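This briefing covers a few points to check against the sequence and the 3D structure. They are grouped by topic below.

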Amino acid sequence: MTAAVYPGSFDPIHQGHLDVIERAGQIFDRVVVGVLDNSLKECLFSAEERAQLVRESLPAGSTVEVVHFSGLAVSLAVSQQAGVIVRGLRAVSDLDSEFQMALMNRRLEPRVHTVFLTTGFANVYLSSSLIKDVCAHGGSIEGLVAPSVAVALRRRLAPGADPSLGAFEEAG
Ligand code: PNS
């Protein structure tokens with residue numbers, strides 16, 4: 001049985017990520033999405049919220065597991081008994097940093113292999129940052145993220161939204 005972890009920030013998850021998850025599911029027996037809980041990186045959503053949004057974005061009946069983690073991606077892989085880290089590649093510009101990370105991860109844990117999957121053409125320009133920017137400025141993000149993610153984003157970023165209301169109180 002070959003298991004793979006797909007670590008990332010997922011702040012929030014979008015169609016490009018979902019494409020990678022779907023392809024990973026076609027290759028590996030078990031796929032675990034690892035949502036990074038990183039105090040060094042400021043995120044719009046908490047790790048629990050991001051993990052919940054990943055779950056809500058997956059198709060009904062999906063067997064993909066979702067966890068949030070802190071620490072190294074290779075430690076997540078080892079703790080999940082996964083021999084593979086999956087990362088998505090959009091364009092050549094991603095390669096520099098991804099190559100660096102893959103080599104560092106290999107140095108840290110040679111038993112864990114990094115596998116790169118390309119996102120489809122339709123999603124190649126997508127990034128969580130771009131989607132947040134468009135949403136914050138009132139643009140349409142329909143079709144770029146799952147409906148519950150769109151609701152959560154609008155609640156959190158829409159001008160005039162009541163900041164005391166959490167994304168999940170309103171998304172539910
Ligand atoms: O979605 P992102 O932000 O591009 O994902 C980056 C991520 C989470 C994969 C990377 O920052 C990571 O693996 N962080 C965990 C800490 C770690 O393992 N650092 C060493 C990586 S070489």
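Leucine 103 has a relative accessibility of 40% and therefore counts as partly exposed, since that class lies between under 20% for buried and over 50% for exposed. The model is predicted, and the values here are computed from it.

**Leucine 103 and its surroundings**
- Helix H4, which spans residues 92-108, contains leucine 103.
- Leu103 contributes to a nonpolar surface patch of about 390 Å².

- An open sheet is built from five strands with parallel pairing, and their order is S3-S2-S1-S4-S5.
- Strand S3 (65-69) and strand S5 (113-118) form the edges, each pairing on one side only.
- From one strand to the next, the twist averages 30°.
- In general, strands of a sheet pair through backbone hydrogen bonds, either parallel or antiparallel.

**The pairing of S4 with S5**
- Strand S4 covers residues 84-89 and runs parallel to S5, with six bridges joining the two.
- Valine 86 has valine 115, in S5, as its bridge partner.

**Helices on the sheet**

Methods. Residues are numbered from 1 along each chain as its sequence is written. This is a predicted model: local features need pLDDT of at least 70, side-chain atom pairs count only at pLDDT 80 or more; totals for chains, interfaces and linings use all residues. Side-chain values use heavy atoms; hydrogens and water are left out. Patches are made of residues with over 30% relative accessible area and no salt bridge: like charges are joined within 9 Å, nonpolar side chains (Val, Leu, Ile, Met, Phe, Trp, Tyr) within 5 Å. Accessible areas come from the Shrake-Rupley method with a 1.4 Å probe; for residues, only the protein chains shown count as cover. A salt bridge is a side-chain nitrogen of Lys or Arg within 4 Å of a carboxyl oxygen of Asp or Glu. Helices (H or I, at least four residues) and strands (E, at least two) are DSSP runs, numbered from the N terminus. Buried means under 20% relative accessible area, exposed over 50%, partly exposed in between (1.4 Å probe, protein chains only). Two strands pair if DSSP finds at least two bridges between them. Axes are lines fitted to C-alpha atoms, for helices over the stretch in contact, and angles run from 0 to 180 degrees between N-to-C directions.
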